Amino acid sequence: MASSEKGWSLVAAEKRFAILQSLPAEWKVVLEDRSSLKDVTGPYIEKFLDVEEILITNSDAVTILENVANATWTARQVTKAFCHRAALAHQMTNCLHEMCWESAMAEAERLDNYFERHKTTVGPLHGLPISMKDQFHIKGTESTLGYVGWIGTFEGKRQTETSQSFESFIVQILRSYGAIFFCKTSVTQALMSGETANNIIGYTFNPKNRNLSAGGSSGGEGALMALRGSPVGFGSDIGGSIRVPAAFNGLYGIRPSVGRLPYRGVPISMDGQESIPCVIGPMATTIRSLKLMFQTVLRSEPWSGDPMVLELPWRQQHEHQTWAACHSQSSASNLTIGIFRHDGVVGVDPPVQRALDMMESALRREGHNYETWMFDGGQDIHHNLGISGEPIVPQLEMAFGSTPGTQKNASEIAAINVKLREYRTRYFDYWNSTSNLSPSGRPADAFISAIAPFAAPLPQQYTHNAYSTTINVLDYTATVLPVTTVDQEIDVIDTQYQPLTKKDRLRHENYDPELYHGAHVGLQIVTQRLQEEKAVVLTEYLDSLLKGDYSTAMGDQAA
């Protein structure tokens, strides 16, 4: 294979160069270093765009689709604007693995021709640019999972004519509805870290504060959307890989329960590890765009094409029931939301604590009730690193070591699965027991918690991931809600703080209000398993409370 013949570093360098070479010359820029330029969002990136491009790319997916459908914008206009902004975003953060400029423009041309002939759209996503994590197969592109050894291959194996045109099932669905795929975004090596770093593109920085991480493993999606280089995209989540980058970049995301969205044809590290499966889900710049993408995929009846998907359409009844509870004037019917302050091992930084306080205050004002993996020893990952001979990145080495460990046998795996089942059962019983505490007599509707102890980590400082991974273990549904940003004048160091553990002391000592200033702070809204409708509606509602447009949100639902 190419990597073994040339050496991994040369193959990686050629890939990095190819990404930049795919950009039109007029889109290339020279940037200051991170120490002199922290925030490249908003006004900074927009100085490289024209007025029309700014208007288009600052619009969410719903607005874009409306304007394309009524012929205000063409698919070509929209696609070109997002391709340009994505190209700029990559140069500022290292967020792309593939730039599909030419094929995207060709698809936009095809859609515009269809619209001109038929005076209608091909489907509900007609002309919408969608970015995809570099894990999803899209014809004409590579999927590397952050492995140098996968460059020029199909999942680390020799490509065939069939594999070159193969697409993941979710891609097929979105394409059939008129979506345009214009780029694939950076991932952490093997998809197994809360930071995005690999030997192909290096480190993906947080565009709001380039001293910090964009999160992982869908960090490229997070950085790209934070810079409005994409209106919506898809990532995957096995331990927080959708929620973490969404929270770190001021975005909305959803980690659905296993079996709700199709995973067919999407590769993963350690394939066959089914105790805690990976799931896919959308990320977006607005909650209504997130809801649109989720509903649109379910509209296709994905269970008819993926045997692992549950036959579970979007349940309007569940949506309406949740809205009724949100807007009830009766204390007996109001929501009961838990606030999870910390996990007893590692506390949270001051801005994250403030975000939790903001959510509690918003709920209290409205009268709602508030009550306080490695079975193979890393063999698969090290095998794929060995294809090219590349080294393991530090973020991954902390968990998987510099060499493979001992694989677990069938009896050991079975014992772990029994413990997993018992753990889920205990938590299920505990959650249902909260009906004894709530005035409604119902179990708690949801709980709100941090996704990580910090707004975003410094490079190689993501040392505690239990806030996100616990949700995967329980297979709960979780959405992400952007709440605030770090303010160095408000989020000061608590000099009286007593660390819970040694790990908590390290977290406390790493917090620097000035360094973190401006970074996004997001929280996760967690519901029980397969309650995606409830999670999305609760997120819409809480978002409206934070933004002060409660009456507007009620009106939208009533309409």
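1. Start at Ile 130. Setting aside neighbours within four places in sequence, Ile 130 contacts (heavy atoms within 4.5 Å) Leu 125, Leu 174, Ala 179, Ile 180, Phe 181, Phe 182, Cys 183, Ser 230, Val 232, Gly 233, Phe 234 and Met 293.

2. A word on the basis. The model is predicted: local features need pLDDT of at least 70, side-chain atom pairs count only at pLDDT 80 or more, and totals for chains, interfaces and linings use all residues. Residues are numbered from 1 along each chain as its sequence is written, and side-chain values use heavy atoms, without hydrogens and water.

3. Now the cores. A nonpolar core is a set of buried Ala, Val, Leu, Ile, Met, Phe, Trp, Tyr and Cys residues joined through side-chain atoms within 4.5 Å; buried means under 20% relative accessible area (1.4 Å probe, protein chains only). The largest such core has 132 residues. Ile 130, Met 132, Leu 174 and Ile 448 touch the most other members. Helix H6 (residues 75–93) gives the most to this core, with 10 residues. Helices are DSSP runs (H or I, at least four residues), numbered from the N terminus. A second, separate core has eight residues, including Leu 474 and Val 526.

4. Next, the domains. The chain is divided into domain 1 (41–269 + 277–304) and domain 2 (320–547), with bounds from an automatic or database domain assignment. Their C-alpha centres lie 24 Å apart. The contact takes 46 residues from domain 1 and 55 residues from domain 2.

5. Last, a helix pair. In H17, Leu 420, Tyr 423, Arg 424 and Tyr 427 meet Thr 470, Asn 472, Val 473 and Leu 474 of H18. By class, this contact has five nonpolar, two polar and one charged residues (nonpolar: Ala, Val, Leu, Ile, Met, Phe, Trp, Tyr, Cys and Pro; charged: Asp, Glu, Lys and Arg; polar: the others, Gly among them).

Methods
Helix = DSSP H or I, 4+ residues; strand = E, 2+ residues; numbered from the N terminus. Buried < 20%, exposed > 50% of the residue type's maximum accessible area, 1.4 Å probe, protein only.
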